[in-house]
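Dear colleague,

Please find below the structure that I am handing over to you.

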Amino acid sequence: MQQHRALILRSNRFLGSALVDKGLVTTGDLEEANGKFMEAIQSADLKRASILSTLLFDLKKVEEAKLLDYLAEEVKLGLIDLNFVELQSLRPMNVDLSLCWASSTVPFDHVEGTYMLATCYYMSAPVIKHWEELLDGRVIWYGTSTASLSRALERIEEIHETEDTAEDDD
Amino acid sequence: MPYSVLILDDDADFNSLLTDIFEQADYIITSLTDPIEAVDVFRDTDYDLVVTDHKMPEMTGAEFMKVIKKMKPEVPVIMVSGYLENDTIRELISEGVGGVFLKPLNIFSLLERTAELIEEAKKIENAPSGDGEDGSGEDVGAQLGFVFRSYPCKSGASASFAERLHNLRNFKSTLSLIGEPGIHYRSICEDIRGFYETDAEQFIYLSAGSFDQEQALSLIEVAKKDGAERVTCVLLELETMDAAQKTLATALSKKEGAFEEVGVALRTIFCVSGDLDSLFDEGLIDENLYILMGTAEVSVPPLRECNMDVGVMAQQLVVEVAREKSLAAVPRFERSARDLFRQHKWERNFEELRATVRKILDDNPGDVITHAAVKSALKVNEGASPRIRFESHLSSQQIDYLRAVAILLGGDRSKTASFFGTDVNAIEGKMT
């Protein structure tokens, strides 16, 4: 995760500003979330360093359903529940799982050169830019909930572990 | 009176559809398919709004917009297109497009945005000129509902900026003003101070040359004695501060260490010249400040985006310098001279504008400042001697090169110094 430290800082900073700009949180709430976010960053607990999770679960300053409604209605972003998606290893796509954790984003399908990406950070321009550059812009974006994303990344971790075990057995 | 709209789309069918939509909504339409012809027609006719396609053979919509924005920046532009990359949309917005609509069109949103943009443009057009005898710009402040002197707010960019600052005036802890070099941050912060009518709100100014703990605490103490219940600490030239000053700036904004018990509420305004992400990559802004500065961040418009303001600002500066020089009368610009101010790019923003006005007045222009006098002062500022121009160009290239290396080496000054075979102080000196 350390290699993605700059991306984590940048994407969270942009997300916070975007949430304030869209009137979804107040500057006071963001200030508080920023403080907790920096504590997580400085304690090297990068997996927990998320302004979104802090606002949703620690401070309870924004409801995730409201945020997803905003993405669907105002930004016209498609939503997906990854619990109903059959996930695959990320290795054939050359995607690093730690990048997925760092950016709260996962490629969940790949069809004829186009990647389907689910993210909790669609409002954060650096996340969108990073992934679009990585995948040559061939991306279709979906919004997803933090719970759905975390569970999906855990399932992919299990898939990778199974692959590693099989490789060791061979 | 119905508003007039210029529609440009090389696809005749879609052009005709757009024309029908706008005519049904009572707009007077000029419908064109050739961007070159559209530029000529736009130059000679007054339109309230332009709707243009992006992908056209002779000229893209973005290129067309650039050309017409140079002629009449106040006319809003809407872009319609079948497909646009996100980066293109961001670029168009930063270049001043008022709306981007992708096909198939949502007609209601398109008409709604059209009405909004025309209304905004008319509001600015009808605002009092603000360039009265004293050049104070107070009447424009009255139009906004508050006084704002650092920009006359005759341009959309400056009016939105002033309104945003006014909306954020009760920020709780930190506010960041981010702009290009040469911005007059101090005047802007004095405007923010002016939003409050009480002595209980006091502002203190701390800059790289002198900022230390002792100075900050002593200024806070003075403000308290003057009746302050809340002190706003303005940190100017943050990017040029040394590491110890930046650590102190963080402590100040978080009310930590010596600032924990100062006995008065504290807030911080960070003023930074440059792109914050680049400064972060270069190691000139650390992680703490980078995140702290994201809480309430406002981009300060460069003068080239406020060309309707520049003439008024120049006249205000003339008043200021004339007073300083105790001139019997305040010189005024002839119209073509003021137009020159509006057309200039002002790469060093307010600093350059002030230097230019000072140069003009140093040359004793008489009662009227002519086109020739302005042209000559602008030439001097651009560097009449080729040697000075080349030196300045090489120096800026050298700094860009240093910054690029610093970014590639993760902002690590020691590694950067070692790469160039020099010491850290030399690198610090060049980069700040």
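What percentage of the 170 residues in chain A is buried? Buried residues account for 39% of them, where buried means that 20 or more other C-beta atoms, placed from the backbone, lie within 10 Å of the residue's own. Please note that this is a predicted model, in which local features need pLDDT of at least 70 and side-chain atom pairs count only at pLDDT 80 or more, while totals for chains, interfaces and linings use all residues. Residues are numbered from 1 along each chain as its sequence is written, and chains are lettered from A and ligands numbered from 1 in the order in which they are written.

Chain A contains 7 helices and 4 strands (DSSP runs, H or I of at least four residues for helices and E of at least two for strands, numbered from the N terminus). Along the sequence, their pattern is α-α-α-α-β-α-β-β-α-β-α.

The 4 strands make an open sheet of mixed pairing, in the order E1-E4-E3-E2 (chain A); two strands pair if DSSP finds at least two bridges between them. Strands E1 (78-79) and E2 (105-111) of chain A are at the edges with a single partner strand each, so one side of each has no neighbour in the sheet. E1(A) runs parallel to strand E4 (residues 139-143) of chain A and is joined to it by 2 bridges. Gly78(A) has Tyr142(A) as its bridge partner in E4(A).

Turning to the other chain, 14 residues of chain A are in contact with 14 residues of chain B (C-beta atoms, placed from the backbone, within 7 Å). H2(A) gives the most to this side of chain A, with 8 residues.

Yours sincerely

Conventions. A residue is buried if 20 or more other C-beta atoms lie within 10 Å of its own, exposed if 12 or fewer, and partly exposed in between; C-beta atoms are placed from the backbone. Two residues are in contact if their C-beta atoms, placed from the backbone, lie within 7 Å.
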